[in-house]
Amino acid sequence: MSVRVQITLLSGQSTCIAVHSHDLVRVLRQQTQSRLQVGIEALVSLSGEKLTDVASVAEVGLTDGDTVNALVRRTRLVTSHRSLAIALVHQKGFVVSWGHDACGGDSSNVKDQLVDVNELAANEYAFAALRSDGTVVTWGEARHGGKGFDGLTNVVHTVASNSAFAALQADGHVVTWGLAEVGGDSSGVDTQLFGVKQLQATSAAFAALRADGHVVTWGMPTAGGDSTRVQDKLTDVHHIYSTSLCFVATKSDGSVVVWGDPLLEFDEEELEQLSDISLVASSGQAISLLSSDGKVVTLGPAAARGNSADLDLSSVQKIQGSHGAFAALRNDGSVVTWGDSSTGGDSSAVQRLLQNVWDIQATSHAFAAIRNDGTVVTWGHSIHGGDCSAVKEQLFDVQQVAGWDRGGFNRLRERDMYNVSSKMQWTDMTSLSMHTC
């Protein structure tokens, strides 16, 4: 049955697309992209729910005459926390990379293929770019995933551990490549990888959530690859979240299941008090869980939790973790921190500046906050990005900050988005004005 759907951008531009009810949402998004001549990151229902590419038009409930909103693809920086390279995905769909050549900093061999890129996954040594046509382009260290899976098509999502990749295909199957011990080999669970609707990754393992509510895991056991201990609880699962070493699953009844890092200490009764989790962050020995009502609960040994129990952790919209501390962004634009002071747990020196903040990011030992006026505030260990005084005059009109463990922060300014053109040399990064602090 033919279905006509009205697609609207935030700018007010719109178009009507006709598809069959059995077509995937990905087909609707691609046709919208072609008609409006703009990269579309995702389609969103009027109720605010992102429509998954892997579902059919009928499955997401679209009927003839319905209207949905389209999110335009944004220019963004992509890296992993321990990567030696960084990539920029332009809103027009092309990619620029720099850093260690062998670890993905040099993408010149595949630059002609890096067009209409909708999603980019990064591990420590390689990148995997998902194009709107469902194909994947990889580069970087071959054995760590830089040499992709030949003939891979119909992909709707990619995720990365520290040395491997996993791709979710439109039919619900999963393909993996890279180092076997960190999830690059899923042969041991291949017969269970069907009807998958969500993929998540820790640093060394993967978890797949099937449409029937069951969860399949593989990779390093101490990073969540072995879910045997909690397998009887992993039924009727609604969503999976991940940190560097553990997975967190929320069930349809609101209950929470945690597995992975054997050093993560918590009382099972604490999990019973949690429900409706919307975000998870890790500080290494502890994890913080953000519920949909804006409350934060930190799990782990007392020393790793810091003074979180004494703080006003309500009305929170985002949390980030360094190696030992947490930062929470509240709805009023203020920031609350706790944990090891040497890794950003103490923000008292810059607390007066932590107002009107709209985003926070972390490295291993520091945090950065972007304020509404486009300026950046940093705190934590100075050599890990906590001190940006050397580039303070250049930190204006900032739209995004990316942090990673091996260095500090990179920032993307608003004007830099327009300096990147498809004609620029891929080895010439001067026009990007990217700086590390």
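Over residues 3-75 the chain is 16% helix and 36% strand, with 32 Å between the end C-alpha atoms. Helices here are DSSP runs of H or I with at least four residues, strands are E runs of at least two, and both are numbered from the N terminus. UniProt lists residues 3-75 as "domain: Ubiquitin-like" in an unreviewed entry; its positions are given in the numbering used here, feature names are shortened, and annotations may be inferred rather than shown by experiment.

Keep in mind that this is a predicted model, where local features need pLDDT of at least 70, side-chain atom pairs count only at pLDDT 80 or more, and totals for chains, interfaces and linings use all residues. Residues are numbered from 1 along each chain as its sequence is written, and side-chain values use heavy atoms, leaving out hydrogens and water.

Let's start with S21, in the loop between β2 (14-20) and α1 (25-36). S21 counts as buried because its relative accessible area is 16% (buried is under 20%, exposed over 50%, partly exposed in between, using a 1.4 Å probe and protein chains only). Setting aside neighbours within four places in sequence, S21 is in contact (heavy atoms within 4.5 Å) with M1, V3, S56, V57 and A58.

Further along, look for the largest nonpolar core, which has 34 residues. Such a core is a set of buried Ala, Val, Leu, Ile, Met, Phe, Trp, Tyr and Cys residues joined through side-chain atoms within 4.5 Å. The elements giving it two or more residues include β12 (155-160), β13 (164-169) and β17 (215-219), while β16 provides the largest share, five residues. Another core, of 16 residues, lies apart from it and has V3, I7, I17 and L36 among its members.

V174, L193, L199, V215, W218, L234 and W259 have the most contacts inside the 34-residue core. Take V215: not counting residues up to four places away in sequence, it touches A207, A208, L209, Q231, L234, V237, I240 and W259.

β18 and β19 (residues 246-251) pair in the antiparallel sense over five bridges; for DSSP, at least two bridges make a pair. Together with β20 they form an open antiparallel sheet in the order β18-β19-β20, with β18 (237-242) and β20 (256-260) as the edge strands.

Finally, S282 lies in strand β21 (residues 277-282) and is buried, at 16% relative accessibility. S282 and H323 are 41 residues apart along the chain, yet their C-alpha atoms are separated by 7.9 Å. Beyond four places in sequence, S282 is in contact with T243, S244, I287, G321, S322 and F326.
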